[in-house]
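Let's take a friendly walk through a protein model. Have a look at the fold before reading on.

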Amino acid sequence: MFYFSSNNINEIYFRFLKEILIKGRAVAGTKEICSPTKGDSFIEISPAIVTLTNSRNRCISLRQTDIFNLVGSWFWLLRGTTNLDEIIFYNSLASNFVDDNSGQLYGSWGSRIIPHIDKIKDVLEESSTSRRAVIPIFINNDVGYLSKNLPCLSSIQFLLRNNILDCSILMRSSNIYGVFPYDIFILTMLHEYMSLILGVSLGNFHFISNSAHIYDKSIDVVNTLVNSDITKPVSMVNMPQHNLKFILDVEDKIRHGKISLEGILDLDIPLYFKDLLLVTYKKYLLINNKGLVRIGDLMEYNPLKNLMCKIENKVI
């Protein structure tokens, strides 16, 4: 068993990658015909357990991450749909995981999580010591099902003790270099969102993976990464209460060019959500070749503000 614990996600990521490089076993690529990574060999450790003691320290800065994919994946999860159109705006690679011409992503996490949020709330409000606040993600129909988009996430459990909410994630498979930074962002946002719904404090976040791996094609860049300095985390501010349906309606308008920058800035919403929506607006500008507008200057909070400014070639 391999265990990594810290309040610094950069330290966890650094140690995680280094441990796989040192102790990872070589594994031949899968022969599954439907797998997007068919034939890609890798090295892995198993099982691997991560404990992040501050879920708001969720942004990994040891490597460049795509701010649009981070924020867009969070919005898409909240929508609870399988619609490709809602995520391909942020991540063009999403189309590689569609099984047919349906325009749907079979293994969408949000479609398997959001329908259960109210049930989880009810379970924990009825009995705060419940051990049944579990959302199954990898379900019966997935066993043996041939899909490019089987969820790597198996289950989520929320444990409420002494008014503090812990969250435990079980992964069947984790691409630690390529995907882990995005998974951590999305799932810790979900953890904080659930604590907000329940009106309780944010506790520990646990991430358990039965195949924590690095693909051979990424080993050289990972070797370079683990020879860099570990940076201190920059915590996101507390997620405020707000009507997320309204936020998602605005996000939809931005993607479809139905609201201006001035319209976004004039919204009577917390600056936290305004920053997230400004990320979507920047993506809209880039897609439509209008990317010269400096959105980072209009954002309020780090670390997303810093990520945006780096994109816009302005270090703060």
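How many aromatic pairs does the structure hold? There are ten aromatic pairs, where rings of Phe, Tyr and Trp (its six-membered ring) pair if their centres lie within 6.5 Å, with planes under 30 degrees apart called stacked, over 60 edge-to-face and the rest tilted. Tyr272 and Phe273 make an edge-to-face pair, because their ring centres sit 5.2 Å apart and their planes are at 75 degrees. Both Tyr272 and Phe273 are buried (under 20% relative accessible area, with a 1.4 Å probe and protein chains only).

A quick word on the model: it is predicted, local features need pLDDT of at least 70, side-chain atom pairs count only at pLDDT 80 or more, and totals for chains, interfaces and linings use all residues. Residues are numbered from 1 along each chain as its sequence is written, and side-chain values use heavy atoms, leaving out hydrogens and water.

Ring pairs also tie Phe4, Tyr13, Phe16, Phe180 and Phe207 into a cluster. Now for two helices (DSSP runs of H or I, at least four residues, numbered from the N terminus). Here is who meets whom, contact being heavy atoms within 4.5 Å:

| Helix | Residues in the contact |
|---|---|
| helix 1 | Ile9, Tyr13, Phe16 |
| helix 6 | Phe180, Pro181, Ile184 |

By class, this contact of helix 1 with helix 6 has six nonpolar residues, no polar and no charged ones (Ala, Val, Leu, Ile, Met, Phe, Trp, Tyr, Cys and Pro count as nonpolar, Asp, Glu, Lys and Arg as charged, the others, Gly among them, as polar).

Finally, Ser111 sits in helix 4 (residues 109-113).

How values were computed. Buried < 20%, exposed > 50% of the residue type's maximum accessible area, 1.4 Å probe, protein only.
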